Amino acid sequence: MRVMILTAGLGTRLRPHTFVRPKPLVSVAGKTVLAHIIDYLAPLQIDELICVVGYLGNQIEEFMRANYSYPMRFLEQKVMRGQADAIALARDLTGPLLVVFGDGLLEFDIEHLNKHPEYGIIYCKEVDDPRRFGVVVVENGRIARLVEKPSEPISNLAVAGFYYVPEASRLLSAIDYIMEHNIQTKGEFYLADALQVMIDRGEELRAETVRVWRDCGTIESLLDTNRYLLENGHNRAAEYPNAVIIPPVNIAPTAVIEQAVVGPYVSIADGAVVRQAIVRDSIINAGAQIQSVILNRSLIGDRAYVSGVSQELNVGDLSDIRFG
């Protein structure tokens, strides 16, 4: 089976952090979002891992080649024309294909895909307010329609960003159809429109509900995902004689913590320094220096310096924030 990860988005809702890195390389709970996704895929028998890259895509390729040994290729989406356009860059695809969006973390029975089901699967999560999502409408056990952000509550099954098709060439044929007929949603070629073409052609697609769906596309959702991951297997910290650590936290071995209270729900990356500070519910990235502050619900970029402030902050790489 081939796996295609779509990583070409600009990540505007995560700025300023995505000015200097692509969205999937933003860190949460001690690893990049992309690493969490790929590590979760480990039980699969992957023949090839394909990444569609865009803005700062060289960083994606460097990260992947440095950390994983799968057969890999990287395709550049030079113009952001939508998800279906990104998939269409791999014209030679045949056989089973799993398409993964690079900004969310899911938990489901992933090993089931090693059986190569003969039907397609759209992974979904039940939500209270489906108007913010694409949803699927199920009839007689099969998906009948996909609707993007419905104004009326026709279904509470929101599409979670993982898609399996048993034969990639049939998906590519459907993508060709929507592009030839200029079928667009909000000015882009959406994967949902291509999947609807497959359904209309008689393809069997089923909805399978995931146990967990965590978004990493905004500052708030990234911090919420950090909390979830720290509560579920990513708690890590040494002892710090001059600090109080309140778990769950994820503190890199090379971080320095002195005269500080850290936690709960704090991730601190390699080389970061936290002195005379109280930090909770935050992500402190590599090499950042935090001194004489109280931080809550904050995201601090690589090698940023923050001192003398007590509030929620969203600080990009190499920033220098000083009060007093």
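A: First a term: buried means under 20% relative accessible area, exposed over 50%, and partly exposed in between, with a 1.4 Å probe and protein chains only. Cys124 is buried, with a relative accessible area of 0%.
Q: What should I know about the model and its numbering?
A: This is a predicted model, where local features need pLDDT of at least 70, side-chain atom pairs count only at pLDDT 80 or more, and totals for chains, interfaces and linings use all residues. Residues are numbered from 1 along each chain as its sequence is written, and side-chain values use heavy atoms, with hydrogens and water left out.
Q: How many disulfides does the structure hold?
A: The structure holds 0 disulfides, a disulfide being a pair of cysteine sulfur atoms within 2.5 Å.
Q: New topic. How many aromatic pairs are there?
A: There are 6 aromatic pairs. Rings of Phe, Tyr and Trp (its six-membered ring) pair if their centres lie within 6.5 Å; planes under 30 degrees apart count as stacked, over 60 as edge-to-face and the rest as tilted.
Q: How do Tyr40 and Phe108 pair?
A: Tyr40 and Phe108 form a tilted pair, 6.1 Å centre to centre with 55° between the planes. Tyr40 is in helix H1 (residues 33-40) and Phe108 in the loop between E7 and E8, 68 residues apart. Helices (H or I, at least four residues) and strands (E, at least two) are DSSP runs, numbered from the N terminus.
Q: What does Phe108 form with Phe162?
A: Phe108 and Phe162 form an edge-to-face pair, 5.7 Å centre to centre with 80° between the planes. Phe162 is in strand E11, 54 residues from Phe108. Phe162 counts as buried, at 3% relative accessibility.
Q: Which residues make up the cluster?
A: Ring pairs link Tyr40, Phe108, Tyr123 and Phe162 into a cluster.
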